[in-house]
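Take a moment with the sequence and the model before reading on.

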Amino acid sequence: KATKCSERTMAKNAAALTAAFANATVPKVNVVVGKAYGSAYVVMNSKSIGADMVFAWPNAEIGMMDAKSAARRGYVDTIIEPEDTRKYVIGAFEMLYTKREDRPDRKHGTV
């Protein structure tokens with residue numbers, strides 16, 4: 001059962017996780033295999049916070065949309081078959097191997 005205290009802690013931790021994904025300069029690859037709804041999807045390395053590549057299995061649901069609708073709207077790059085996941089993830093990391101993001105130095109973090 002969720003308490004007021006645990007919900008406050010959860011929100012703080014979700015914000016920290018979102019900031020970590022958003023500020024990461026390493027290659028970020030995501031595979032949606034099931035249901036990805038609401039803020040939980042955004043927090044877990046979505047396109048909107050800077051994922052480089054997002055793949056989805058055909059039965060995946062993103063924000064109440066099926067995989068094809070999410071792909072049309074740009075939430076995912078490619079719909080892949082489960083048995084091809086390894087090949088696509090390896091290909092994405094090979095493509096992003098030389099990724100470099102130069103960011104200005106900050107005195108303080110965003111969160």
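Which residue stands opposite F55 in β6? That residue is T78.

Begin with the overall plan. The protein chain has four helices and six strands. Read from the N terminus, the elements follow the order α-β-β-α-β-β-β-α-β-α. Of the 111 residues, 26% count as buried. The chain exposes about 7,800 Å², and carbon and sulfur atoms supply 56% of that area. Consider contacts between residues at least 6 apart in sequence: 57% of them join residues at least 24 apart.

How far can the model be trusted? The average pLDDT of the protein chain is 85, and 89% of the residues score at least 70. Among the elements, α4 has the highest mean pLDDT, 96. β5 has the lowest, at 77. Where pLDDT is low, predicted coordinates should not be read in detail.

β3 spans residues 53–56. This strand belongs to an open sheet of three strands, ordered β1-β3-β6, with parallel pairing. The edges are β1 (29–32) and β6 (78–79), and each of them pairs on one side only. β1 and β3 run parallel and are joined by four bridges. Across that pairing, V31 stands opposite F55. On the other pairing, two bridges join β3 to β6, again in parallel. There F55 faces T78, and A56 stands opposite I79.

Both faces of β3 are covered. M53 and F55 are buried on one side, and V54 and A56 are buried on the other.

What lies across this sheet? Helix α4, residues 85–95, lies across β1, β3 and β6. The helix runs at about 175° to β3. T85 is part of α4. Is T85 buried or exposed? T85 is buried, because its relative accessible area is 16%, under the 20% cut-off. Setting aside residues up to four places away in sequence, T85 touches V31, W57 and I80.

A second sheet sits elsewhere in the chain order. This open sheet also has three strands, in the order β2-β4-β5, but its pairing is mixed. β2 (35–36) and β5 (65–66) are the edge strands, each pairing on one side only. β4 covers residues 61–62 and pairs with β5 in the antiparallel sense, over two bridges. E61 stands opposite D66 in β5.

Next, the nonpolar interior. In soluble globular proteins, nonpolar side chains tend to be buried together. Here the largest nonpolar core has 11 residues: V32, A36, Y41, A51, V54, A56, A60, I62, A67, A70 and V76. β3 and α3 (67–72) each supply at least two residues of this core. A second, separate core has six residues, including V29, F55, A92 and L96.

Leaving out residues up to four places away in sequence, I62 touches V32, A36, Y41, A56, A70, Y75 and V76.

Finish with a loop residue. P27 is placed in the loop between α1 (4–23) and β1. Why does P27 count as partly exposed? Its relative accessibility is 25%, so P27 falls in that class, which runs between the 20% and 50% cut-offs. Not counting residues up to four places away, P27 touches D52, F93, L96 and K99. P27 and E94 are 67 residues apart along the chain, yet their C-alpha atoms are separated by 9.8 Å.

Note on methods: Residues are numbered from 1 along each chain as its sequence is written. This is a predicted model: local features need pLDDT of at least 70, side-chain atom pairs count only at pLDDT 80 or more; totals for chains, interfaces and linings use all residues. Side-chain values use heavy atoms; hydrogens and water are left out. A nonpolar core is a set of buried Ala, Val, Leu, Ile, Met, Phe, Trp, Tyr and Cys residues joined through side-chain atoms within 4.5 Å. Buried means under 20% relative accessible area, exposed over 50%, partly exposed in between (1.4 Å probe, protein chains only). Contact means heavy atoms within 4.5 Å. Two strands pair if DSSP finds at least two bridges between them. Axes are lines fitted to C-alpha atoms, for helices over the stretch in contact, and angles run from 0 to 180 degrees between N-to-C directions. pLDDT is the predictor's confidence in each residue, from 0 to 100. Accessible areas come from the Shrake-Rupley method with a 1.4 Å probe; for residues, only the protein chains shown count as cover.
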